[in-house]
Amino acid sequence: MERILNYIDGELIEPTTGTYLDNINPAIGEVYSYIPDSNKDDVELAVKAAEKAKEAWGALPIEDRSEALLKVADLIDENLEALAKAESIDNGKPINLARTVDIPRASANFRFYAKAIINQSTKAHITPDKGINYTVRDPLGIAGCISPWNLPLYLFTWKIAPALASGNCVVAKPSEITPMTAYLLSKICIEAGLPAGVLNIVHGLGPQVGEAIVAHPSIPAISFTGGTATGQKIGSIAAPMFKKLSLELGGKNPNIIFDDCDFEDALATTLRSSFANQGQICLCGSRIYLQRGIYDKFLEAFVAKVNNMQVGDPLDETTRTGAVVSEQHQEKILHYISLARLEGGKVLAGGNAFNPEGRCKNGYFVQPTVITGLDENCRTNQEEIFGPVVTIQAFDTEEEAIALANSTKYGLSATLWTQNLTRAHKVAAAIKAGIVWVNCWLVRDLRTPFGGVKQSGVGREGGDEALHFFTEEKNICIKT
Ligand code: NAD
């Protein structure tokens, strides 16, 4: 069985511990490869390699750095099929989704930042008769990047690409639940001729490898995407060390649908925004709020469509809903569905585990689930489930919709459906979230800032924000 290896100092190497963890294919419920069970000694090796490489990488002409990253992007594209298959097997997501969204977005991350770095400018302020202030931005040296399992290569590269582009070396840790595409990325970086030590990938568990990265004194910046509780823990270690921190955390996103929406568009997109990637996208809407005038009609049409969704083998080209990521995650989702029932919820669609026929009969699947009859204060509507489960509630006024949208501790994203422009502006402005989509969902432009508010995160990623995060700004004042 294949053993994944760490990528340190330009080479694929065994963990210092000599031990490995099982990597499970969630669609069949079987171990299919092994992951290094690394610890702080492996992180130390990675930091040493990055220390050795950082001066030369930071001093490289921007065009050369850009060229190196473009080569990585090209190789991701060339390996699209292998990467999509690996991600589907690792994660349980439909191969079609990995092929059309996750992997293309991973190469887009490298390509975007390879080009963005060429177009960076610095500021100058002229104080008449006194001086000129100009600002320069220097790389931080070494960046720590830690990512989750739901969009494995896409989110991993979204951190790594801007960190490398702005002249840093990186010590990165992918999720131990979905390590395979990060391993394939190491091979791609070797083939692309990325200098040794510029990118180092250490596999293993969060408390062993992740915490060692966060606590390492030679790593001044941590970019983390994952759960809110993990973010809290990371903050408690990094903040007293005065590290730069970017935390992209959990969500419980509202999807507000007014009477005057484009019904068919809202219906079709809500199906996607609720259940894409089995609801395991941090930006999925899990709380649907329907204005009273379309409540019955929308609910009936939505439940009918959900009941028609086919759950099945992620490697089947026609599958649109695959497995959830692990047995433990399946249990968590089913536990929340039971809790919803206990809280008085009515399950109108799904509500159970699912076992497809054939090769996936022992895999971890959950039926797309729709629940009504719960108010906004119950745990089902307050806590992040991160699976194919949505609740639906009615509202009457704009004010009520805004209050419902803002009723959780999270503030990652929101979706809003209306044909009334004034209402769209007013409600979007009042929702506390990092991004509000009006009459669309998951439309992303890499130039725009991204990040949550409240307990969904601290700091912004994307565009120039990411390049700024991975650099430190200095003002130089010259007397005139
Ligand atoms: P997680 O917090 O369990 O793990 C994320 C990463 O952190 C993994 O690599 C893990 O090994 C590591 N980790 C765990 N404990 C650690 C510790 N003590 N110190 C350092 N690193 C540690 O999250 P997950 O279950 O992998 O991902 C799901 C979560 O991610 C959900 O809450 C989801 O909303 C969130 N998410 C947020 C965004 C966003 O952009 N805001 C995007 C995707 C996912």
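Biologist: How many bridges join β15 to strand β18, and how do they run?
Modeller: 3 bridges join them, and β15 and β18 (residues 369–372) run antiparallel. Strands are DSSP runs of E, at least two residues, and helices are runs of H or I, at least four, both numbered from the N terminus.

Biologist: Which residue is the bridge partner of Val 347?
Modeller: Ile 371, in β18. By the way, this is a predicted model, where local features need pLDDT of at least 70 and side-chain atom pairs 80 or more, while totals for chains, interfaces and linings use all residues. Numbering starts from 1 along each chain as its sequence is written, and side-chain values use heavy atoms, leaving out hydrogens and water.

Biologist: What's the strand order in that sheet?
Modeller: β15-β18-β19-β14-β13-β21-β22, an open sheet of 7 strands with mixed pairing. Pairing takes at least two DSSP bridges between two strands.

Biologist: And which strands sit at the edges?
Modeller: β15 (346–349) and β22 (435–438), each pairing on one side only.

Biologist: Switching topic, how is the protein divided?
Modeller: Into domain 1 (2–249 + 456–479) and domain 2 (253–445), with bounds from an automatic or database domain assignment. Their centres, taken over C-alpha atoms, are 30 Å apart.

Biologist: How many residues does each put into the contact?
Modeller: Domain 1 gives 28 residues and domain 2 gives 31, with contact meaning heavy atoms within 4.5 Å.

Biologist: How many salt bridges between them?
Modeller: The count is 1, where a Lys or Arg side-chain nitrogen must lie within 4 Å of an Asp or Glu carboxyl oxygen.
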